[in-house]
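My notes follow in the order I took them.

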Amino acid sequence: MKIYRRKSEEELRDYGFGTKVVDRNQRLMHSDGSSNVRKKGLNFFENLQFYHSLIKMSWTKFNLLVVASYIVMNFFFATIYTLIGVENLAGIMGVTPFEKFMDSFFFSAQTLTTLGYGRINPTGILASTIAAIESMVGLLGFALATGLLYGRFSRPRARLVFSDKSIIAPYQGINGWMFRFANKSRSELLDAEVNIILTMITNEDGKEVRKFFPLELERNKITMLSMSWTVVHPIDEKSPLKDLTYDDLKNSDAEFLIFFKAFDDTFADTVHTRTSYRYDQVVFGAKFITVIGKGKDGAPELNFSGINDFEKVDLNFEAEKLTA
């Protein structure tokens, strides 16, 4: 008879990534905090998420998309005006087909924006109907663009810059795993909190299983993030990193998942951000070089250009094997 064993609270805790190993050498989380899970099996319409994509994409892509949409829309209506005959647009001064098309294009731009200089105007029911439809499309399009701009500007988010590498450095007679970050926004971040989960692949009964280990920190909360913050996990007797070498981290496909949240004083809302460090982003025997200096007026000065700077040092205790 199989004896039932009640699982511990830690075994029942679900971090949302599952324990199944799909493939090695794959991040669970990208450095920008996005999940590395691809979704499939949805039909075309279920897979369309225009608003989410337009809100989350970079400003460069968003601006290029707006400009491209504007040009394509005007090109589309200019083609229609050309096909029905530019003689239906009074005031066209172009002589060649290209000049006539460009006149139609700029008339479309004026109609789409409801600007209208008055030199060119539609004549006849067909041209007037197309112009009316275009003006309605323009109103709806600019209303949508305005809403998206507001959504992108008003969306609270933590604008943090993280060090490229995490390090294992001497710490209070032992060693500690560390990384650092700073707030590059002018907003004040209050009640900042960090949680870190180490994930490693272990072998259980001949089967690879992904395990998760919450890391205890020197401190996981600070009142206000005004300077840089070096987060420290002491590698003591209770640490899952105790006696692990670089090869151990590599063979277990180790990844450190970082979760940050704070209260944004400007938006009066809680902001979140995520990132991760893989085993190949861990530097053994290093120490961060300070980024805090004194300005010309004597006030503290934070140098973001040095956020990644570190120097090599010797590690503490008997773990001489803790080398890359």
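I looked up Asp243 and found it partly exposed, because its relative accessibility is 33%. My cut-offs are under 20% relative accessible area for buried, over 50% for exposed, and partly exposed in between (1.4 Å probe, protein chains only). Asp243 sits in the loop between β9 and α7. Its phi is near 65°, a positive value in a residue other than glycine. I take helices (H or I, at least four residues) and strands (E, at least two) as DSSP runs, numbered from the N terminus.

A note on the source: this is a predicted model, where local features need pLDDT of at least 70, side-chain atom pairs count only at pLDDT 80 or more, and totals for chains, interfaces and linings use all residues. Residues are numbered from 1 along each chain as its sequence is written, and side-chain values use heavy atoms, with hydrogens and water left out.

Next I checked Asp253. Asp253 is in the loop between α7 and β10. Its phi is positive too, about 50°, although Asp253 is not a glycine. Is Asp253 buried or exposed? It counts as buried, because its relative accessible area is 1%.

Then I went to helix α5, where Ser108 has its place. Ser108 counts as buried because its relative accessibility is 0%. Which residues does Ser108 touch, not counting those up to four places away in sequence? I listed Met73, Asn74, Phe77, Ala78, Tyr81 and Glu134. Contact here means heavy atoms within 4.5 Å.

Thr114 lies in the loop between α5 (97–112) and β2 (121–122). Leaving aside neighbours within four places in sequence, I found Thr114 in contact with Ser135 and Leu139. I also noted the C-alpha separation of Thr114 and Ala132: 9.9 Å, at 18 residues apart along the chain.

I turned to the second largest pocket. Its volume is about 520 Å³. A pocket, on a 1 Å grid over the protein atoms alone, is an open set of points where a 1.4 Å probe fits, with protein on both sides within 12 Å along at least five of seven lines; lining residues have an atom within 4 Å of a point. Grid points are joined across faces, edges and corners, and the volume is the space filled by probe spheres set on the points. The lining has 19 residues, and Val66, Ser69, Gly141, Leu144 and Ala145 are the closest to the pocket centre. Helices α3 (50–56), α4 (59–84) and α6 (125–154) each give two or more residues to this lining. The largest share, 8 residues, comes from α6.

Of its 324 residues, 35% count as buried.
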